[in-house]
Amino acid sequence: MSKVLSNKTLYDKIWDAHLVGQHDSGHSVLYIDRHLLHEVTSPQAFEGLVQAGRRPWRLECNIATPDHNVPTVDRQSGLQGIEDPISKLQVVTLDDNCKTFGIEQFDINDIRQGIVHVVGPEQGLTLPGMTVVCGDSHTSTHGAFGALAQGIGTSEVEHVLATQCLVQSKSKNMRIFIDGQLGKGVYAKDLIMAVIRQTGTAGGTGCTIEFCGSAIEALSMEARMTVCNMAIEAGARAGLIAVDEVTLNYVKNRPYAPKGEQWNQAVSYWQSLVSDPGASFDQEITLNASELEPQVSWGTSPELVMGISEKIPEPGDFSSPDKQELAAHSLAYMGLSAGQSISEVSLDRVFIGSCTNARIEDLRVAAEVVKGQQTSKQIKQALIVPGSGLVRQQAEAEGLHEIFKAAGFEWRDPGCSMCLAMNDDRLLPKERSVSTSNRNFEGRQGHLGRTHLVSPAMAAASALTGKITDPRKYL
Amino acid sequence: MKAFSKMTGRVAPLDRANVDTDQIIPKQFLKSIKRTGFGDNLFDAWRFLDEGSMEKSPNERQINFNFVLNQERYQGTSILLTRSNFGCGSSREHAVWALLEYGFECVIAPSFADIFYNNCFKNGLLPIVLEEKYIEEMFTEMKRIESLGDGQVYSLMVDLPGQCVTKPDGSPISFEIKPDNKTTMLEGLDEIGTTLRMQPAIKAFEKRHKAAQPWLFS
């Protein structure tokens, strides 16, 4: 009898391997292997558990770290270093909940603390083939490991705590195929921004996106995480990249990764985590990486992106009334004019950090650009916020912090920081930043602040000139 | 969760696409550890001219009278009519809590972002997807009624069991909703309770899963 050929996508495979059953409503019940928690979206979930007299289903699947609301200065003071009493209460509440329920936490004093999406992979808590959830939309980051990783709301955080399951409907399959080779000074960040420009912020709605093609295969794990991180900005709850040698080499010997015989067993399973040749996708998009120049966002939606050499578009350049209105709103909010060259635009602050771009590779690239140079006098503040205590430690071991400090950057402690400005790191009204984060929404980095999303290299180059600058001149 | 079946309510028009959850409830209000208290800060940066914070009470704020929800005729509205990709961005469920607490029971748009859409069903806020042409019609009809200046209001009747929205002139528009989401809303299901009743299936799954991927259990 001939073997039936499987024609499943990677998403289909992970979905099928975690399907527990169905509710009468028709929703599927999916088993969750890893649940990451932070201080902002978990307190109401723990409160719900307590009120219902429930306990976590499987403690060891959960791991917590505070990130959104922690200060990035004076870390040695621990909790006492949090000046805002409301922020402090939230971080203390996470401490208390983790203690009460027995959930492992990398707390504010732990060298392993950091942005939850940097910490999970770094510790080997994220493994190929897993289902991963967190009450944060950028959980899509972990899809870089061939894991089905999704952001969830607080009710779902409570549901996962109580049942180890998530109730949902299966998404459609979308494939983004990227051929070619990134040029010098063009990075994963530029690639994903160009993708979102093409798909729009709703292009991936209802889909799980698998990124593939030679340009994706050539990326490091850090860079793949940057790509999957912003799948949500294309509207997709999850982004995925198939497992290969790059994945395995990254995961091997991480503290929570399997060891010895279990490692071999895991690897032989993980190697099956690719879409079958005959798999079909509901939607496909192709892109050529070779054609890309460094990208920068100019509006208040991550789809409003341009190449560094292009002129700022006018609303009439867009086809639908919705997009024309978005462009018009964006120009007004951002204080820009159509037809302007983006490199004329003057900056106030520079932010290098976030779950998109705060890993060691990102810091290395930024350091390469600024080494031996000075930030522009016009720049009021240039922040480097490492993604975790261990990234910070590694950067210091390589001497990167000295390069940054000598160039006029502030070398900070790990956290989400100015990506969403919940702590004191923020833009003042009408201040303009280049930022290596993921969202340029109105007010995202501070009330009436203006954000341009860029790669770490472009952020670093722009810090030197005080204007949005093509990093290729500095590499 | 509160069940949703039928309602009739006045409509507020938010004529903007891609309204993200950072706009629905800005980050500074996410510092709360409670599920309540977000209604006063719904669309904070649009409703008020000054920067909001958790310490400021609504009485001390500078109101932006140009913003649609601050207009007299839209006080007490319970249906929000808006444009495509509503609720994109952050997964913060606080966005849904803020809309509900402000008084909205239903949001009508051509499309919603996934996580927001999903969060709605966990809280009894009904998101209705209607074709662009119907949304356009409603915006136009609202403008016309308002321009008469005779105090007429634009109300809709929403019937979830019948999957129908009835306009003021009595014309019905049917809408699609997945049966699973519909059931969840109609019954106001306690999803955790429902899943916990599957305890034997979850335990059996864990046994199989452990055999297949033992490294996840060591």
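**A tour by selection**

Begin by selecting Asp15(B) and Arg83(B), whose side chains meet in a salt bridge with an N to O distance of 2.6 Å. This pair links distant parts of the chain, 68 residues apart, since Asp15(B) sits in the loop between strand E1 (6-14) and H1 of chain B while Arg83(B) sits in the loop between strand E2 (79-82) and H3 of chain B. Asp15(B) is partly exposed, at a relative accessible area of 33%, whereas Arg83(B) is buried, at 7%. Bear in mind throughout that this is a predicted model.

Next select Glu146(B) and Arg73(B), where the salt bridge has an N to O distance of 3.8 Å. Glu146(B) belongs to helix H5 (residues 132-148) of chain B and Arg73(B) to the loop between H2 and E2 of chain B, so the pair ties together parts that are 73 residues apart in sequence. Both ends are partly exposed, with relative accessible areas of 21% for Glu146(B) and 41% for Arg73(B).

Move on to Lys122(B) and Glu191(B), a salt bridge in which the closest N and O atoms are 2.6 Å apart. Here the loop between H4 and strand E4 (126-129) of chain B, which holds Lys122(B), is linked to helix H7 of chain B, which holds Glu191(B), across 69 residues. Both of these residues are buried.

**Aromatic side chains**

Over all chains, the count comes to 21 aromatic pairs. Select Tyr102(B) and Phe104(B): their ring centres are 5.4 Å apart and their planes lie at 25°, so the pair is stacked. Tyr102(B) is partly exposed, with a relative accessible area of 23%, while Phe104(B), at 0%, counts as buried. Then display Phe86(B), Phe112(B), Phe116(B), Tyr117(B) and Phe121(B) together, which form one aromatic cluster.

**Between the chains**

Now colour by chain and look at where 69 residues of chain B are in contact with 77 residues of chain A. The two chains bury about 5,900 Å² between them, with 54% of it on carbon and sulfur atoms. Of the elements on the side of chain B that touches chain A, H8(B) gives the most, with eight residues. That side divides into 23 nonpolar, 22 polar and 24 charged residues.

Finish in chain A by selecting Asp348(A), Arg349(A), Lys380(A) and Glu431(A), which are linked in a network of salt bridges.

Technical notes
Residues numbered from 1 in each chain as written. Chains lettered and ligands numbered in written order. Predicted model: local features only at pLDDT ≥ 70, side-chain atom pairs only at ≥ 80, totals over all residues. Heavy atoms only, no water. Contact = heavy atoms within 4.5 Å. Buried area = accessible area lost by both parts, 1.4 Å probe. Helix = DSSP H or I, 4+ residues; strand = E, 2+ residues; numbered from the N terminus. Nonpolar A, V, L, I, M, F, W, Y, C, P; charged D, E, K, R; others polar. Phe/Tyr/Trp six-rings, centres within 6.5 Å; stacked < 30°, edge-to-face > 60°. Buried < 20%, exposed > 50% of the residue type's maximum accessible area, 1.4 Å probe, protein only. Salt bridge = Lys/Arg side-chain N within 4 Å of Asp/Glu carboxyl O.
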